Amino acid sequence: MLALPPPPSLQSPAPPPSNHHTSKQARSLQTAAAVTRNYDSKRLRKPILLHPQPRRTNPVVWFGAILCLLFSLILIFFGIATLIIYLAIKPRSPVFDTPGANLNVIYFDSPEYFNGDLTFLVNFSNPNQKIDIRFEYVEIELYFFDRLIGTQALQPFTQRQKEKRLESVHIISSLVYLPHNLATELQKQVQNNKVIYNIRGTFKVKATLGLFHYSYWLHGRCEIEMTAPPTGVLIARSCKTKR
């Protein structure tokens with residue numbers, strides 16, 4: 001009898017994967033799935049940007065902008081024109097001066113009440129070559145130190161270009177109160193034959209150039225030094241005029 005060949009050897013099946021490896025792979029798959037879900041949810045939540053449609057500007061806004069532009073151009077034009085006129089004409093303020101004075105009387109009725117009589121000339125000069133000047137308000141005040149001892153107003157008048165005008169001002173001080181220290185100082189000046197007064201002028205001036213005119217206030221200040229009365233004459237003066 002022939003011997004039968006031995007049966008083929010059966011291969012043993014592969015061992016199942018270990019539990020540790022399986023759990024690790026499962027956790028990896030779960031993590032990947034969670035990341036995918038988060039990414040998808042973010043994509044769903046991401047806002048979709050839409051380009052706004054251009055809006056037409058209201059005609060009222062355009063009209064207002066054009067008016068503002070025209071107004072700005074007009075202001076610039078008048079500003080440049082004013083500067084050119086100013087540089088071409090070079091306007092100057094009138095000048096106030098006191099070229100002469102006579103101190104006639106100073107006497108005291110009591111230690112603090114005195115009487116005085118002063119006559120002086122005031123000179124108004126218009127130094128402009130193309131501008132007329134009108135003095136619409138003129139007030140002259142006389143001071144001893146800072147104490148008012150007399151005042152006088154003048155009538156309005158007009159000055160042409162390069163014109164001068166002399167006005168005589170007569171101020172009488174009657175029973176004017178002076179504090180004791182000022183009364184003593186005035187008596188001392190009379191004895192020393194040197195009396196010092198202050199003249200202050202306040203003027204409202206109107207300047208005219210063709211159809212254009214403008215007004216402003218002007219202030220004149222003069223310090224005059226005279227000999228004692230009754231023949232007191234002007235021996236020194238210092239004047240300035242400012243706005």
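In strand 2, Phe120 is the bridge partner of Ala101. This is a predicted model, in which local features need pLDDT of at least 70, side-chain atom pairs count only at pLDDT 80 or more, and totals for chains, interfaces and linings use all residues. Residues are numbered from 1 along each chain as its sequence is written, and side-chain values use heavy atoms, with hydrogens and water left out.

Me: Why are strand 1 and strand 2 said to pair?
Reply: Two strands pair if DSSP finds at least two bridges between them. Strand 1 (residues 95–110) and strand 2 have 12 bridges in the antiparallel sense, so they pair. Strands themselves are DSSP runs (E, at least two residues), numbered from the N terminus.

Me: Which residue in strand 6 stands opposite Phe120?
Reply: That residue is Val169. Strand 2 and strand 6 (residues 164–177) also pair in the antiparallel sense, over 12 bridges.

Me: Why is Thr151 called partly exposed?
Reply: Buried means under 20% relative accessible area, exposed over 50%, and partly exposed in between (1.4 Å probe, protein chains only). Thr151 has a relative accessible area of 46%, so it is partly exposed. In strand 2 (residues 113–125), by contrast, 10 of the 13 residues are buried.

Me: Which residues does Thr151 touch, not counting those up to four places away in sequence?
Reply: Thr151, which lies in strand 4 (residues 147–154), touches Glu139, Ile140, Glu141 and Ile171 (contact means heavy atoms within 4.5 Å).

Note on methods:
Helix = DSSP H or I, 4+ residues; strand = E, 2+ residues; numbered from the N terminus.
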